Amino acid sequence: MKTASAYHIGRRHEQAGEKYQDAVQYYHDDYITIIAVADGCSSAKAAKEAADINVQTAVDFLKSENAWRISSKKAFKAALLDKIEEAFRQVPFETDELSATLAAVAIRSDGMFTAFSVGDGTIVTFDTQLSPCIFIEPYNAGAKNRTCFTNDREGCMMTMQLWSNRMQELGYTGFSIFTDGADFLVHYPLDGGRQLRCAAACTALGNGKTFTQDLVNYIAETYTKDDVSAAFLIMDDEEICEKAQQILNYETELISRSASLPEEIPDVPAIYQPLFRELRQSPLSPEELVEKGYCPAGKVLSTMRPLLNQKLIIWRENAFALAEDGGTA
């Protein structure tokens, strides 16, 4: 497996002189590859400690042969939570002070994988074209401090999402895991999906660390005040590497064609500027975009249709551009 991970402290914590409260843990040997991420709840006294405990416990648990012998989801959840509770008892904090989410993926050398999430993290899969698809959605996404944390055993037993299968049977070639600070990647599905695919391609070619770090820096500086953490696991395969190189060649060409386009589109309200930056490189035609009434966060707004009709024209050769006069068609 090829892997990459990165994080960036959120502006809110940085400005307050606080520490990074996410955690990322990685493990690899000849038999298994594991990545876990956790997001400490800012209002909890021991948020960072909880996040660190969660990822370390998840990795240790998934390394154990016993975890892979558990035959039911309920028993797996109970066994994992037993280990986390045991680890919580070893630190000088009350259980209700140790609030953090947890998401993890483990892939064995035979292709068997286990993926689970507690809280508002996201797990994405990649197919043979390295196209991303949401595999595990965040629980109570966007509801501040209303998600589930690992110190809530009853809530975890009810809401933990857990799946196991073989990569080959489902056509998967890898995974990405990220905390809610990186939810730009799903809230802006055109640009976010493209960035996920590029990160997967870079990871497959062995240079994912640099791209992933640049990506989380960009998200932290542009879209959120929260900590941002993301990780990628991609199968080490010759055909996947060939596809990855094709993707990056295409992106290089697309970027060069788009370089002359203005950053700010004339006569478009500021709230819609991110949308038009996405639309430049959308695989959809303008007609399809208008039909969908597309806007950020994947919502459908009929009020967007006149704006799209007015401002968007197609630029063939696999790219989009806006007319220099503001895009009026």
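This is a guided tour of a predicted model, one selection at a time.

**Whole chain**

Start with everything shown as a cartoon. The secondary structure comes to 13 helices and twelve strands. Colour by burial next. Of the 329 residues, 49% count as buried. Now think about contacts between residues at least 6 apart in sequence: 69% of them join residues at least 24 apart.

**Strand 4**

Zoom in on strand 4 (102–108). How many of its seven residues are buried? Seven of the seven are, so strand 4 is largely enclosed by the rest of the structure. Show the side chains. L102, A104, A106 and R108 point one way. A103, V105 and I107 point the other way. R108 is in the buried set too, along with the others named here.

Look at the side facing strand 3 (32–39). Six bridges join strand 3 to strand 4, and the two run antiparallel. Pick A36: its bridge partner in strand 4 is A104.

Then turn to strand 5 (residues 112–118). Strand 4 and strand 5 are also antiparallel, joined by six bridges. A103 has S117 as its partner in strand 5. I107 has F113.

Follow the chain from strand 4 into strand 5. The two form a hairpin with three residues between them. Select G111 in the turn: its phi is positive, about 95°.

**F113 and the aromatic rings**

Stay on F113, the bridge partner of I107. Show the aromatic side chains across the model. The structure holds eleven aromatic pairs. One of them is F113 with F175: the ring centres are 5.1 Å apart and the planes are at 55°, so the pair is tilted. Why tilted rather than stacked or edge-to-face? An angle under 30 degrees would count as stacked and one over 60 as edge-to-face, so 55° falls in the remaining class.

This pair links distant parts of the chain. F113 is in strand 5, F175 is in strand 9 (residues 174–178), and 62 residues separate them.

Together with F113 and F175, they form one aromatic cluster.

**Helix 2**

Next, select residues 47–63, which make up helix 2. The helix has 17 residues. From first C-alpha to last it reaches 25 Å, close to the 24 Å expected at 1.5 Å a residue.

Twelve of those 17 residues are buried, so helix 2 is largely enclosed by the rest of the structure. Among them are A47, K48, I53, N54, F61 and L62. What do the buried residues of helix 2 pack against? The list takes in strand 2 (22–28), strand 3, strand 4 and strand 5. Helix 3 (65–69) and helix 4 (73–88) belong to it too.

**Two lysines over rings**

Go to K63, at the end of the helix 2 range, residues 47–63. The charged end of K63 sits over the ring of Y27, 4.4 Å from the ring centre.

Now jump to K73. Its charged end sits over the ring of W163, 3.6 Å from the centre.

**Last stop: I247**

Finish in helix 10 (residues 238–258), where I247 is placed. At 6% relative accessibility, I247 counts as buried. Which residues does I247 contact, leaving aside its neighbours within four places in sequence? Select Q129, L130, R197 and A201. The C-alpha atoms of I247 and C198 are separated by 7.1 Å, although the two residues are 49 apart along the chain.

Definitions and conventions. Residues numbered from 1 in each chain as written. Predicted model: local features only at pLDDT ≥ 70, side-chain atom pairs only at ≥ 80, totals over all residues. Heavy atoms only, no water. Phe/Tyr/Trp six-rings, centres within 6.5 Å; stacked < 30°, edge-to-face > 60°. Helix = DSSP H or I, 4+ residues; strand = E, 2+ residues; numbered from the N terminus. Lys NZ or Arg CZ within 6 Å of the ring centre and 35° of its normal. Expected span 1.5 Å × (residues − 1). Buried < 20%, exposed > 50% of the residue type's maximum accessible area, 1.4 Å probe, protein only. Contact = heavy atoms within 4.5 Å. Pairing = 2+ DSSP bridges.
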